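User: Could you take me on a close look at a single part of this model? I'd enjoy one connected walk through it.

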Amino acid sequence: MIDMENLTLFRTPACHRPSPTDQCFPGGARCAALTAAPGGGHDGVKLRRFTMSTLAALAIIPMSAISAHAWEPLGYQSLTTTDAQPAIQTAWSDIIASNAAYWRDELHRTIPAGQIPPLDILSKPIKVGSHTFIVSIASTRKCETGANNASSSIEPGLCEARIIDPVSGKIVARAEACYVDLSDDDRPQANRDDRTEIDVKANAKEIHFRSFVGGTNWPRCTTSVKLP
């Protein structure tokens with residue numbers, strides 16, 4: 001049985017959009033998520049810092065049913081160890097294995113025992129009727145992103161969303177939704193309120209997604225998924 005009170009929502013240090021040559025394992029002077037390899041990723045190879053606003057935004061949300069039209073932000077975490085968030089790790093095991101292979105075979109890096117290459121996740125536990133689920137979006141090399149160079153602006157990545165049974169780790173539904181880096185003090189002022197939100201339509205058994213970047217609601221990030 002998964003401890004629902006300890007699911008997902010506290011953030012740990014992570015880095016974004018490094019080049020493969022910049023990558024090192026957490027614990028050194030710098031860290032980087034494998035999700036930044038060609039084909040996906042996010043700006044700023046900098047350790048994330050806790051702020052009071054971040055802690056408030058990522059506080060664990062009660063399991064009570066979400067009312068209609070109540071948009072709620074997803075929380076952030078970076079998976080780095082093999083014993084954290086077992087349901088989420090089970091649901092994303094294929095991506096974790098792919099990242100590990102890329103780390104070993106392409107980057108020629110050693111993965112310390114008990115650790116995994118960092119996987120950045122946006123997630124939130126929800127309750128619909130008598131059923132509890134975890135909504136999750138992972139930043140992976142498969143995400144569809146915009147231009148990623150020194151002169152490009154911050155853009156969301158269109159990624160896979162997986163709705164998870166928190167007991168078994170089984171994926172009960174899939175969709176596309178946007179991964180958005182949450183705010184910290186290193187980001188431009190215009191991006192301090194960037195976020196991905198969900199609206200759970202309990203009666204229709206449906207989850208709606210939307211994302212804000214630079215104060216703009218991005219149309220391509222407005223998606224939905226049906227629950228079983």
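Analyst: Happy to! Let's begin with S78, which is buried, because its relative accessible area of 6% falls under the 20% cut-off. Please keep in mind that this is a predicted model.

S78 belongs to strand β2, which covers residues 75-81. What does the side chain of S78 touch? There is a polar contact between the side chains of S78 and D120, at 3.0 Å.

Next, the partner strand. β2 pairs with β3 in the antiparallel sense, over 6 bridges. Within this pairing, G75 stands opposite S123 in β3. As a general point, side chains in a regular strand alternate between the two faces of the sheet.

From here we can turn to the nonpolar cores. The largest nonpolar core has 23 residues, and the members that touch the most other members are I126, V135, I137, I163, I198, I207 and F209. Which elements give two or more residues to this core? They are β3 (115-128), β4 (131-138), β5 (157-164), β6 (171-179), β7 (195-201) and β8 (206-213). Of these, β6 gives the most, with 4 residues. There is also a second, separate core of 13 residues, and L79, I95, L119 and I121 are among them.

To bring it back to where we started: S78 lies in β2, its side chain is in polar contact with that of D120, and β2 runs antiparallel to β3.

Notes: Residues numbered from 1 in each chain as written. Predicted model: local features only at pLDDT ≥ 70, side-chain atom pairs only at ≥ 80, totals over all residues. Heavy atoms only, no water. Core = buried A, V, L, I, M, F, W, Y, C linked by side-chain atoms within 4.5 Å. Buried < 20%, exposed > 50% of the residue type's maximum accessible area, 1.4 Å probe, protein only. Polar contact = N/O pair within 3.5 Å; in protein donor to acceptor, adjacent residues only side chain to side chain. Pairing = 2+ DSSP bridges.
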